[in-house]
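Please open the structure in your viewer and keep a selection panel at hand. The stops below proceed from one selection to the next.

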Amino acid sequence: MFRGLSSRLTAPLESLDAVDLAGRVQGLCSSPVESAQRGQLVTLAGRVRTVLSGGGEQFLGVTAEVYDGTGAVDVCWLGRRSIPGIDTGRFIKVTGRIGVRSGQKIMFNPRYELLSGQPGAGRGGEV
């Protein structure tokens with residue numbers, strides 16, 4: 001018992017947040033990002049860490065990094081300049097096929113559901 005408590009007290013805040021987030025999104029009928037493989041059709045849930053959009057040569061559309069505590073995936077909606085509700089800190093559930101771009105997992109044009117509040121904090125795992 002004391003070993004578990006002391007490890008939580010001495011662990012970095014970022015790793016504690018990752019463990020907590022991974023546990024919370026587990027009840028949302030989603031797969032962990034770390035286990036998603038290239039070509040696989042998956043549903044993932046997590047917190048939006050960054051959102052990029054704009055023009056220029058490298059413009060793909062709106063790209064959001066979604067983090068679930070086990071890993072991150074870039075989610076890209078091609079040809080879009082903005083998507084209402086896709087904001088940093090927002091919780092989201094996405095369904096699509098995993099690809100790899102520059103060594104990073106990416107999902108293009110997924111179906112998505114904006115989630116409110118903290119994952120797993122609502123009744124029955126709803127958010």
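Is Thr 63 buried or exposed? With a relative accessibility of 14%, Thr 63 counts as buried, where buried means under 20% relative accessible area, exposed means over 50%, and partly exposed lies in between (1.4 Å probe, protein chains only). Before going further, note that this is a predicted model, in which local features need pLDDT of at least 70 and side-chain atom pairs count only at pLDDT 80 or more, while totals for chains, interfaces and linings use all residues. Residues are numbered from 1 along each chain as its sequence is written, and side-chain values use heavy atoms, with hydrogens and water left out.

**The whole chain**

Helices (H or I, at least four residues) and strands (E, at least two) are DSSP runs, numbered from the N terminus. Of the 127 residues in the chain, 35% are buried. If you switch to a surface, the chain exposes about 7,600 Å², of which carbon and sulfur atoms supply 51%; these areas come from the Shrake-Rupley method with a 1.4 Å probe, and for residues only the protein chains shown count as cover. Among contacts (heavy atoms within 4.5 Å) with a separation of 6 or more, 52% are between residues 24 or more positions apart.

Return to Thr 63, which is found in strand 2, and show its surroundings: leaving out residues up to four places away in sequence, Thr 63 touches Thr 50, Val 51, Leu 52, Asp 74, Val 75 and Cys 76. Next select Glu 65, which also has its place in strand 2 (residues 61-67). With the same exclusion of residues up to four places away, Glu 65 touches Arg 47, Val 48, Arg 49, Thr 50, Ala 72, Val 73 and Asp 74.

Which residue forms a salt bridge with Glu 65? The partner is Arg 49, and the closest N and O atoms are 3.2 Å apart; a salt bridge here is a side-chain nitrogen of Lys or Arg within 4 Å of a carboxyl oxygen of Asp or Glu. Because Glu 65 lies in strand 2 and Arg 49 in strand 1, the pair ties together parts that are 16 residues apart in sequence. Glu 65 counts as buried at 18% relative accessibility, whereas Arg 49 is partly exposed at 38%. The count of salt bridges by this rule comes to one.

**Strand 3 and its partners**

Now select strand 3, where five of the seven residues are buried, so that this strand is largely enclosed by the rest of the structure. Two strands pair if DSSP finds at least two bridges between them. Strand 2 and strand 3 run antiparallel and are joined by seven bridges, and Ala 64 stands opposite Val 75 in strand 3. These two strands form a hairpin with four residues between them, and Gly 69 in the turn has a positive phi of about 95°. Strand 3 and strand 5, by contrast, run parallel and are joined by three bridges; here the bridge partner of Cys 76 is Phe 108 in strand 5.

**The nonpolar core**

For the next selection, take Leu 44, Val 73, Trp 77, Ile 92 and Ile 98, which have the most contacts inside the largest nonpolar core, a set of 17 residues. Strand 1, strand 2, strand 3 (72-78) and strand 4 (91-101) each supply at least two residues of this core. A nonpolar core is a set of buried Ala, Val, Leu, Ile, Met, Phe, Trp, Tyr and Cys residues joined through side-chain atoms within 4.5 Å. Centre the view on Ile 92, whose contacts, leaving aside neighbours within four places in sequence, include Leu 44, Val 66, Trp 77, Ile 86 and Leu 115.

**Loops**

Finish in the loops. Most residues other than glycine have a negative phi. Ser 102, in the loop between strand 4 and strand 5 (104-108), has a positive phi near 55° and is exposed, with a relative accessible area of 79%. Asn 109, in the loop between strand 5 and strand 6 (111-115), has a positive phi near 45° and is partly exposed at 44% relative accessibility.
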